[in-house]
Amino acid sequence: MVLNWKTGGLLLGLVFFAAVLLVKPIGVSTQFVIFDGIVADAVNPEFITQTDEGFTSTNAYMAKSSGKYAKSAADPLNYSFIFVLAMALGAFVSARLRGGIDAVERSAPAIWRENFGDTPMMRYAVAFLGGFIVLYGARLAGGCTSGHMMSGMMQTALSGYIFAAGAFAAAIPTAMLIYKRG
Amino acid sequence: MTSILLAIVIGAAFGAVLDRIGATNPNWIGGMLTLRRLHLMKTILLAIGVGSILMFGGQMIGLVDVGHMSVKAAYVGVFIGGLMLGAGWAASGYCPGTGVCAAASGRKDALFFIAGGLLGAAAYMATYPSWKASGLLDDLAGGKVTLGSVPGSSYDGLMSVSGDLLGIAIGAVFVLVAFVLPDSLVGGGETAEMPAE
């Protein structure tokens, strides 16, 4: 079961602290771009190219900030990308150790079934669409729940508060509209 | 190589903790965002507060390298993007990190979330020049700024007060709010079952 909020909050706070103590604040959503860049470059090797100063891309977003993203996609064995893979591994092991998730819950969570019945296909469609909006928004904002909200507010970054205000202003009414039960 | 090792250790710890606090579970996200079950909100507020106090305290005593801070720029697009993320987060029950963790923990719907996310990120990559040209990505209030002025950091402060002390004070407020916040703000929270695992 889920940890008591005091224990869970303390543990999560310690992970944030360990990250900034040893390396840098946690962030995730950039790695979706890096993954896209790796795929695009595999399909079309002209997508990312090496220059005298580093890397660049035919895509303006990949090429921005002196090709920072292009460089990461050209060399995925970097801290931030491995971090996200390790995060998945950590969640996998943790879920296994607590006995995993049952088959019904795996295709659609209880709160979905309570409101919309046993409609996994519709759930997949909403999850797909939700993912699209979440990542589009995260890239527009320059970060997500991890980088902006948690790491940002932890550092008292103005951008973190602006992001959190926007995220909750949309999330709370949306959740209340969609999930009336459960 | 050290940095890869750290990525594995810190990343795995982050993923495991997200799994154990319920952040990767759409039932808990839904409970939080409908204000029916604020347990996860209390967890997150406490975590931000603890992280803030330890980080700024650590910087004051020289334990934490101020250069490790990484402050993102503020611009109008941060708010618009936040609104979009919020809507998608509420509908799907996942955000980028927790979606990846949920898929790893066996949730099939989270795989669809990731696929949608990769397409959404690609769509942003394709439309980035129009956003850039719109001016909505231009810095607001100095861009990469913190609320107070953090000694030794490369970021400007909005206010001249000590950023370290302000950070600790704000961190304490987060902790306090975590304790004061009730378990539910909207009826039905306590009675709602949380089966499914």
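**Entry 1. Terms and model**

I take contact to mean heavy atoms within 4.5 Å. With that cut-off I looked up Phe14(B), leaving out residues up to four places away in sequence, and found that Phe14(B) touches Leu12(A), Val15(A), Phe16(A), Ile26(A), Val28(A), Phe83(A), Met87(A) and Ser146(A).

I note that this is a predicted model, in which local features need pLDDT of at least 70 and side-chain atom pairs count only at pLDDT 80 or more, while totals for chains, interfaces and linings use all residues. Residues are numbered from 1 along each chain as its sequence is written, chains are lettered from A and ligands numbered from 1 in the order in which they are written, and side-chain values use heavy atoms, with hydrogens and water left out.

**Entry 2. Chain A**

I listed the secondary structure from DSSP runs, numbered from the N terminus, with helices as H or I of at least four residues and strands as E of at least two. Chain A holds 9 helices and 2 strands, in the sequence order α-α-β-β-α-α-α-α-α-α-α. Its C-alpha atoms fill a box of roughly 55 × 40 × 35 Å along the principal axes.

I then looked up burial, where buried means under 20% relative accessible area, exposed over 50%, and partly exposed in between (1.4 Å probe, protein chains only). Of the 182 residues in chain A, 56% are buried. For contacts in chain A with a separation of 6 or more, 48% are between residues 24 or more positions apart.

Areas were computed by the Shrake-Rupley method with a 1.4 Å probe; for residues, only the protein chains shown count as cover. Chain A exposes about 7,400 Å², of which carbon and sulfur atoms supply 65%.

For charges, Lys and Arg count as positive and Asp and Glu as negative, whereas His and the chain ends are not counted. Each charge is placed at NZ of Lys, CZ of Arg, CG of Asp or CD of Glu. Chain A has 13 positive and 10 negative side chains, and the centres of the two sets are 13 Å apart.

**Entry 3. Domains of chain A**

Domain bounds come from an automatic or database domain assignment. I recorded domain 1 (11–98) and domain 2 (108–182) in chain A. Their C-alpha centres lie 21 Å apart, and 13 residues of domain 1 are in contact with 11 residues of domain 2.

**Entry 4. Chain B**

I counted 7 helices and 2 strands in chain B; from the N terminus on, the elements run α-α-α-α-α-α-β-β-α. The C-alpha trace of chain B spans about 50 × 45 × 40 Å along its principal axes. Of the 197 residues of chain B, 57% count as buried. Contacts in chain B between residues at least 6 apart in sequence join residues at least 24 apart in 60% of cases. Chain B exposes about 7,400 Å², and carbon and sulfur atoms supply 69% of that area. The 9 positive and 11 negative charges of chain B have mean positions 7 Å apart.

**Entry 5. Nonpolar core**

A nonpolar core is a set of buried Ala, Val, Leu, Ile, Met, Phe, Trp, Tyr and Cys residues joined through side-chain atoms within 4.5 Å. The largest such core has 111 residues, and those with the most contacts inside it are Leu12(A), Phe14(B), Leu33(B) and Trp89(B). Helix α3 (residues 39–60) of chain B gives the largest share of this core, 10 residues. Domain 1 (11–98) and domain 2 (108–182) of chain A both give residues to this core, so the core lies between them.

**Entry 6. Single residues**

I looked up Ala86(A) in helix α4 (residues 79–97) of chain A. Ala86(A) is buried at a relative accessible area of 6%. Apart from neighbours within four places in sequence, Ala86(A) is in contact with Ala7(B), Ile8(B), Gly11(B) and Ala12(B).

Met125(B) is in helix α6 of chain B and is buried, with a relative accessible area of 5%. Not counting residues up to four places away in sequence, Met125(B) touches Val33(A), Asp36(A), Phe47(A), Asn59(A), Tyr61(A) and Met62(A). From Met125(B) to Gly187(B) I noted 62 residues in sequence and 42 Å in space, C-alpha to C-alpha.

Thr156(A) is in the loop between α8 (145–154) and α9 (158–178) of chain A. Thr156(A) has a phi near 55°, a positive value in a residue other than glycine, and is buried with a relative accessible area of 0%. Ala141(B), in the loop between α6 (108–134) and β1 (145–146) of chain B, has a positive phi of about 50° although Ala141(B) is not a glycine.
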